[in-house]
Amino acid sequence: MGEIRKATLFTNEYPPNVYGGAGVHVEYLSQALARRIAVEVRCFGDQRIDRSNLTVRGYPRWAEAKEHTDPRFAGALDAFHRSLAMAKDTIDADVVHCHTWYTDMGGLIASRLWDVPFVLSIHSLEPLRPWKVEQLGNGYHLSTWMERTAMEHADAIVAVSEQTRDDVLRLFDVQPARVHVIHNGIDPAEYRPTGATDALVRHGVDPARPYVLFVGRITRQKGIIHLVDAIPEIDPGLQIVLCAGAPDTPEIGREMEAHIAAASAKRSGVIWIREMLPRAEMIQLYQHAAVFCCPSVYEPFGIINLEAMACETAVVASRVGGIPEVVVPEETGLLVDLALSPGTFEPTDPAAFSSGLAAAINRLGRDPELRAEMGRQGRQRVLDHFSWDAIAETTLGLYCTLR
């Protein structure tokens, strides 16, 4: 095992441009690693940070990506362009570590140009997100190829859950010894209960009434439509707070509008917050929620569940992917069974899934003592198993085995 002095991380998302769990992961992992070694982050954007042990450089969007082509191809083409730019610039690190398919090819090219080990973290898998063809057109086939090519040549692969590791071994030609499980984490000093309620009032939530909370993008993966369809069956005493924005496509955006309108016509208390909120406001929403709901149809890990648990909020989530490795049923929340149609990631019985979500939400919503106990156990589970310092130590140990 060799010594690691410096790591270079490639990522699409980095603050302030964070819209998903992968961005949260890289933000906190980079800070935790920087307490141990030098860290350089190369990301999509215009960020520029120069600290003693952490530097960040953003790479701007390729302006020509949409010219003379199908505009849906722009995301994949721009990712390839920026990955090449990241790989081209001089690297003096001992390891390159990439996050998400957007930068995977950058890591592969950099490993060849600069003769450094290449680590790739799996936050989701393109073959398990077929609905993205709606968003990317045939660009989806390019993103899938980039992910597969990089993964099958990586020196080490980090899966964020045991289920994700199983998916990698099933879908890709990789040796099992190269695939390691390192869970996501959370900062419990930041995500914790506080007394403030001003953010609730500002966004139209009544602090005196219990509510169920959803946080996430409007995408097939997050299952938001299935939760919206459950609203008529949810106890009318519960407010419904949907912190949901950034629709993947105009089509799913219009679908969300129509389903919200239908649900709101049957009951009051449906509050749709469409913008990305500052983290401090999100923490307020998490901590005051009676129930947090994660209705994902595909979720390699589900860091949002950790965020809710750290704020002592009971969770209702679908029993898919890595979620059962985070949420302990009957201890920190409730899991709802979900059968998916092969190859589609659509529930075989959408109405039954929505009804299952509603039943679990109602059970916790009507039992304050149960959900309070689950909230306490959820935060304790976070403290015991999901700290960023422990994750950084494990990641650094993996780096050392590659030198």
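Predicted model: local features only at pLDDT ≥ 70, side-chain atom pairs only at ≥ 80, totals over all residues.
Which side chain of opposite charge is nearest to E147, and how many Å away is it?

The protein chain contains 14 helices and 14 strands. Its radius of gyration is 21 Å, close to the 22 Å that the globule rule gives for 403 residues, so the chain is as compact as a globular protein of that length. Along the principal axes, the C-alpha atoms fill a box of roughly 60 × 45 × 40 Å.

Of the 403 residues, 58% are buried. The accessible surface of the chain comes to about 16000 Å², and carbon and sulfur atoms account for 52% of that surface. Contacts can also be sorted by separation along the sequence. Among those between residues at least 6 apart, 68% join residues at least 24 apart.

Charge is the next topic. The chain carries 39 positive and 52 negative side chains. The centres of these two sets lie 2 Å apart.

One residue can now be examined in detail. E147 is part of helix 5, which covers residues 139-151. Leaving aside residues up to four places away in sequence, E147 touches W101, D104, S124, L125, E126, P127 and F172. E147 is buried, yet it has no salt bridge. The nearest side chain of opposite charge is R129, 6.3 Å away. A salt bridge requires a side-chain nitrogen of Lys or Arg within 4 Å of a carboxyl oxygen of Asp or Glu.

Conventions
Residues numbered from 1 in each chain as written. Heavy atoms only, no water. Helix = DSSP H or I, 4+ residues; strand = E, 2+ residues; numbered from the N terminus. Buried < 20%, exposed > 50% of the residue type's maximum accessible area, 1.4 Å probe, protein only. Lys, Arg positive; Asp, Glu negative; His and termini not counted. Contact = heavy atoms within 4.5 Å. Rg over C-alpha atoms; globule rule 2.2 N^0.38 Å. Areas by Shrake-Rupley, 256 points an atom, 1.4 Å probe, with all protein chains shown as cover. Charge placed at Lys NZ, Arg CZ, Asp CG, Glu CD.
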